[in-house]
Amino acid sequence: MQIRKILYATGVSQPKFSEVQRLTEFCTLGLEEVIFLHATKVEGWETRLAEYGINSRAFLVEGQMTRSILDVAHREGVSLIAASLKRDRSSRIGRSLTRDLLRLSRVPVIILPENVDVSESVQEGVFTHIIFADDWSAASEKARGYLLNFGKIIKELEIVYVLDKKLSVRDMGNLKDKLSQTRKIFLDHGIDAEAHVYAGEPADEVMLAAQDYGATCIVMGTTGKGLLKELLSKSYSYRVAEASVVPTLVIP
């Protein structure tokens, strides 16, 4: 798999080029062009990106942010959307630009956290050290298959399963077998992987795992459910994407 074209969209008033710079690791996977979609005009990014041999073009947001992102992504045929959006934690029903984008996008989206400093430990690239939240659902299976294509840029990967109920001895044995098999899949693709079990509220535990292992990105699958169904289900990808202090890649 090659990622030839990325849409980088930002609604932040003073976006940082350092976040775009971290995406240049996709050159290893065939990145040729970045499409910029800004809420306000940003100068000089095209010239700076050209230093990496990457072509770029820039557009300004027209109308509602999410719709503008989806329209440009469809028109340009991008492989991946990278978005740095203002977070709205005040909404009790979970409406936000991030959730709307993740529910509606047909291509993978990586959410870049707003106004979080990039430390020296994560300047190597977004995919240096991955937390992969796996529950062996159809959504996780698709995300796993997608992630296997990133072997050239992943240095370490932590498979994380979150227990939300007490398991029997037999169920725990089956879980260990699944984790071992999943780890072997990644190892067979040349990706250094380890498996871990956490217990508690899934979104919180996945973000805790990212903190525990110094991860540079969290990767999850999503079913793309509607808002009400998502709130009533065990899906937690939207909540992680909204709150995580490291980038979150969500594969529909």
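How many aromatic pairs does the structure hold? The count is ten, and we will visit one of them on this tour through a predicted model.

**Stop 1: the sheet.** Switch to a cartoon view and select the strands. Ten of them form an open sheet with mixed pairing, and the order to trace is β3-β2-β1-β4-β5-β10-β9-β6-β7-β8. Its edges are β3, residues 55-60, and β8, residues 193-199, each of which pairs on one side only. As you step across, neighbouring strands are turned by 20° against each other on average, ignoring direction.

**Stop 2: β1 and β4.** Now select residues 5-10 and 80-84. These are strands β1 and β4, which run parallel and are joined by five bridges. Click on Tyr8 and look across to β4, where Ala82 is its bridge partner.

**Stop 3: a charge over a ring.** The charged end of Arg75 sits over the Phe59 ring, 5.3 Å from the ring centre.

**Stop 4: strand β10.** Select residues 248-251, which make up β10. Which way do the side chains go? Thr248 and Val250 point one way from the strand, while Leu249 and Ile251 point the other way, and all are buried.

Strand β5, residues 109-111, runs antiparallel to β10 and is joined to it by three bridges; here Ile111 has Thr248 as its bridge partner. Strand β9 runs parallel to β10, with four bridges between them, and Gly221 is partnered with Ile251.

**Stop 5: helix α7.** Select residues 202-212. This is helix α7, lying across β6 (129-133), β7 (156-163), β8 and β9 (217-221). Compare the helix direction with that of β8: α7 runs at about 135° to this strand.

**Stop 6: an aromatic pair.** A pair of aromatic rings is described by the distance of the centres and the angle of the planes. For Phe132 and Phe186, the values are 5.9 Å centre to centre and 70° between the planes, an edge-to-face pair. Phe132 is in strand β6 and Phe186 in helix α6 (residues 169-188), so this pair links distant parts of the chain, 54 residues apart.

Notes: Residues numbered from 1 in each chain as written. Predicted model: local features only at pLDDT ≥ 70, side-chain atom pairs only at ≥ 80, totals over all residues. Heavy atoms only, no water. Pairing = 2+ DSSP bridges. Helix = DSSP H or I, 4+ residues; strand = E, 2+ residues; numbered from the N terminus. Axes fitted to C-alpha atoms, helices over the stretch in contact; angles between N-to-C directions. Contact = heavy atoms within 4.5 Å. Phe/Tyr/Trp six-rings, centres within 6.5 Å; stacked < 30°, edge-to-face > 60°. Lys NZ or Arg CZ within 6 Å of the ring centre and 35° of its normal. Buried < 20%, exposed > 50% of the residue type's maximum accessible area, 1.4 Å probe, protein only.
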